[in-house]
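Here's a quick briefing to read alongside the model. Have the viewer open and follow along by topic.

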Amino acid sequence: MALMTLHQYLVREKRENGVPEELAELILSVADACKKIRSKVTEGALAGVLGMAGTENVQGEDQKKLDVISNEIMCGANAPSGTLSGFASEEMTEVMGVLSEYPVGPYLILFDPLDGSSNIDINAPIGTIFSVLPCPGGAKRSVTEKDFLQPGVNQVAAGYAMYSTQTQLVFTLGHGVSAFTFDPAVGEFYLTREHITVSPSTAEFAINCSNMRHWQKPVQQYVKELLAGETGPRGKNYNMRWVAAMIAEAHRILSRGGIFIYPKDDRIPSRPGKLRLMYEANPMSLLMEQAGGRATNGLQRILEIQPEKVHQRVAVFMGSSEEVDYVTGLHRRQD
Ligand code: AHG
Ligand code: MN
Ligand code: MN
Ligand code: MN
């Protein structure tokens, strides 16, 4: 049977799940942006896109050339869609409205245009993460940061593109998680998985163990129990993975289960975690929950956090429900 294209899938979602026309249009526009980013990523050195941009972003990170290029593509390719009133990006200090030459629409898009930047120059997996919120009061010409400060439960769509051996687009419109694989020969995304679920149990964890001495007690205890294997309190042997790109960890969890942790650590005591709530943790948390998984900051559901700043950070424990519930329990008992 012929595989369904992204466009045909969205026609079906509009008909069967009442997905609004403009949201379907926005997803197609995001997919086009990801195709453009993919072609830059795939050419690498041949397109002169590797290495540093020589600038710093609001996060205090040295930007890679592809961080900046991907951000420009995400803004440039989505602005004309007529579905947006504003943009927020890891790579832009301020939120942005839509230029007057384009019509405005009812959504706000927030994105991490290039996730896993430290993987760019070593040809390891990288991706693009996006989150879609309704614009308060509907389509408007001028937006403020306040319009974006909505809890993750308000998201109407969220997903990521993963640029790896295959390029895949994985997203949810609130009716389950679907995955599309890109065919470069025809330039199309084809539906290759739908109703994706995260197995409740797992024997695979992802955390950057080099930070162990900086973690809080519940995380140190939890990882120690995992490392104790079948003779320890968890009673089984665990495997570890760390790809240094959140999209790759999320994709592995959506493919075969697992728990991903980026906890608060005392390298920067005032920082609740490294990952950004609005355009990394929230979209990934919606995907995990839509697939039957969990996502907390150690104490509460990430999707219920009321943001105060568009670039605020958060601790992330996400994936298989049994593990996320267990480590969240350890935090709550300590709290
Ligand atoms: P980004 O490249 O968008 O700044 O995000 C990188 C994040 C996330 O993708 C990944 O899981 C994590 O940073 C890796 O952190 P370490 O390099 O500290 O392991
Ligand atoms: Mn970054
Ligand atoms: Mn990122
Ligand atoms: Mn990034």
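The manganese ion (ligand 4) is held by Glu 90 (OE), Asp 112 (OD) and Leu 114 (O), at 2.1 to 2.3 Å; donors here are N, O and S atoms within 2.8 Å of the metal (3.2 Å for Na, K and Ca), and since water is not among the atoms, sites may look incomplete. Keep in mind that this is a predicted model, where local features need pLDDT of at least 70, side-chain atom pairs count only at pLDDT 80 or more, and totals for chains, interfaces and linings use all residues. As for bookkeeping, residues are numbered from 1 along each chain as its sequence is written, chains are lettered from A and ligands numbered from 1 in the order in which they are written, and side-chain values use heavy atoms, with hydrogens and water left out.

**Manganese sites**

- Along the chain, the donors of the manganese ion (ligand 4) follow the spacing E-x21-D-x1-L.
- Glu 90 coordinates both the manganese ion (ligand 4) and the manganese ion (ligand 2), and these two ions are 3.6 Å apart.
- The manganese ion (ligand 3) sits 5.3 Å from the manganese ion (ligand 2).

**Burial around the metals**

- Asp 112 counts as buried because its relative accessibility is 0% (buried means under 20% relative accessible area, exposed over 50%, partly exposed in between, with a 1.4 Å probe and protein chains only).
- Leu 114 is buried too, along with Asp 112.
- Asp 115, at 5% relative accessibility, also counts as buried.

**Helix packing**

- Helix α5 (residues 217-227) packs on helix α8 (residues 321-334) at about 140 degrees, with axes 9 Å apart (helices are DSSP runs of H or I, at least four residues, and strands are runs of E, at least two, numbered from the N terminus).
- That angle makes α5 oblique to α8, since under 35 degrees is roughly parallel, over 145 roughly antiparallel, 65 to 115 roughly perpendicular and the rest oblique.
- Residues making the contact (heavy atoms within 4.5 Å) include Tyr 222 and Leu 226 of α5 and Tyr 326 and Leu 330 of α8.

**Gln 63**

- Gln 63 lies in strand β2 (residues 62-64) and, at 8% relative accessibility, counts as buried.
- Beyond its neighbours within four places in sequence, Gln 63 touches several residues, among them Met 52, Glu 56, Val 68 and Glu 91.

Note on methods. Axes fitted to C-alpha atoms, helices over the stretch in contact; angles between N-to-C directions.
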